[in-house]
Amino acid sequence: MSGNSKLLISDFNVGRSNEVQIGTGEGVFFVLKDGRRVIDGSNTGASLGHRHPDMVAAVKAAAEEPVVNDGWYWPGREAAIDELIETAFGGDATLVGAVRFALSGGEANDLALSLAQALTGRAPLVTRERAYHGINGLAREMTVQPHWHGGLSSTDGGVRPAARLADVRQLPMPRGARIKGAEEDLPAHELRATAVELMKDSAAVIVDYTQGGIYHSPEFQDTVADAARETGTLWIADEVVTGFGRTGSWFGFEGGERRPDIITLGKPLAGGAAPAGAVLLSQRVAEMLDHERWQTFSTFRGHPVMIAAMRAHLKVHARDDLVGHIRELDAVFAAGLAEIAERHPSVTRVDGRGAHWTVELEGPDWRGWRADVAEAPLASRVANRALDAGALIGTSGEQTSLFLAPPFIVEEPEVRQLLDALDQGLALADEELEESKVTSG
Ligand SMILES: Cc1ncc(COP(=O)(O)O)c(C=O)c1O
């Protein structure tokens, strides 16, 4: 807890980084309570930025709709599903045979994982090292990093973890990188053998496309997908971050050849204007439910406000060709970050796609993460300096990772402004690196 506030804010380390107080938002900017106007640099939920006029109008209109729960048919939801398939999936009904809405990405993952257990009659679940899939139910179990697992960080006892409840196995994480710090990945045949061994009695394998700064190759995806088919494991593509264009295509899985059994969505699904999630079953998996009822109910899933926001988001997306826009921005980010990586000795690794990038700093390896540091972690201190330079940049809660994920509607000059603020922040990491060399030398 902090100061006079009774709000239990999310924080991973005991060391506090900053106490940012948001006043309002305008497009891709936050206006802080102290009056500063800063770029919203890492907000995967705010795909259309803040107070987008189409979203404001849609949410206002939705207040006139009936309050319908998850257990009734309501034409607005049916229409939304048709529009989703048409706009985001190019009308491909084999990819989406049935949809269940959810309140968040984490809930969607929990639903998908428990469905896979019921369908296969198996319990074990597979993810990859350094994964984040949410913080509730089975999603929390698949979130394998200690600081993201719902425990406590304390000044006197390191981490006090919440109990783990499921048999979870981890695929080795790929370590490629587009800009800096690439390491060798396992050869495909070794990955395949490892994956088959881990999956042979498992219900599902879930893989996302950005978390932990891992942007795996299409070959990684397809190898894992093939191993899943071989072992009778369902492949869940966690597109909570990447669905709707974040990395320059409608979905992350489009990079490879294989197509998922189940897709989960969240974050940008409703354009940031409402909490949202969804589980999309491929036609093949939907057919497995022909003689079944999926016994899970929640009051506000697919609420009319969420549905209206999602439909408005789809329209804006298609009208403004946001996927094409992000694909263009990819080159701006890549060139700017290559210069930054070159200029700053403290930067060890840079990877990303489209409008999602990770910058890793020299410092303790993520496996050695500590919760009981009284001082804010290095990445947070860098982010603080970047904030003074005009951008709010997120960290993953580790000591050394920063990530950039501005709204889809960000324009090139604003990307440059964001990178400039990062550049200024990184000067701090360089200074500290230099000092540590002097001290240890
Ligand atoms: C890949 C991935 N999956 C799932 C989630 C969970 O989404 P939510 O925070 O909406 O529960 C996140 C959140 O950061 C995520 O990055």
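The model is predicted, so local features need pLDDT of at least 70 and side-chain atom pairs count only at pLDDT 80 or more, while totals for chains, interfaces and linings use all residues. Residues are numbered from 1 along each chain as its sequence is written.

Start with the sheet. Strands of a sheet pair through backbone hydrogen bonds, either parallel or antiparallel. Here 4 strands form an open sheet in the order 13-14-17-16, with antiparallel pairing. Strands (E, at least two residues) and helices (H or I, at least four) are DSSP runs, numbered from the N terminus, and two strands pair if DSSP finds at least two bridges between them. Strand 13 (347-353) and strand 16 (394-395) are the edge strands, each pairing on one side only. Strand 13 is joined to strand 14 (residues 356-361) by 6 bridges. The bridge partner of Val 350 is Val 359, in strand 14.

Helix 10 (residues 378-388) packs on this sheet and touches strand 14, strand 16 and strand 17 (401-404). Contact means that the C-beta atoms of two residues, placed from the backbone, lie within 7 Å. The direction of helix 10 makes about 45° with that of strand 17. Axes are lines fitted to C-alpha atoms, for helices over the stretch in contact, and angles run from 0 to 180 degrees between N-to-C directions.

Helix 10 also packs against helix 11 (residues 412-440), at an angle of about 135° and with the axes 7 Å apart. The two helices are therefore oblique to each other; angles under 35 degrees count as roughly parallel, over 145 as roughly antiparallel, 65 to 115 as roughly perpendicular and the rest as oblique. Among the residues that meet are Leu 378 and Val 382 in helix 10 and Leu 422 and Leu 426 in helix 11. The contact divides into 9 nonpolar, 2 polar and 3 charged residues. Ala, Val, Leu, Ile, Met, Phe, Trp, Tyr, Cys and Pro count as nonpolar, Asp, Glu, Lys and Arg as charged, and the others, Gly among them, as polar.

A second pair is helix 1 (residues 53-62) and helix 8 (residues 304-319), whose axes come within 8 Å and cross at roughly 150°. That angle makes helix 1 roughly antiparallel to helix 8. This contact has 11 nonpolar residues, no polar ones and 1 charged.

Of the 14 residues around the ligand, Ser 104, Gly 105, Gly 106, Gly 134 and Val 240 come nearest; a residue counts as near if its C-beta atom, placed from the backbone, lies within 6 Å. Helix 3 (residues 105-120) gives the largest share of the shell, 3 residues. The shell holds 3 nonpolar, 8 polar and 3 charged residues.
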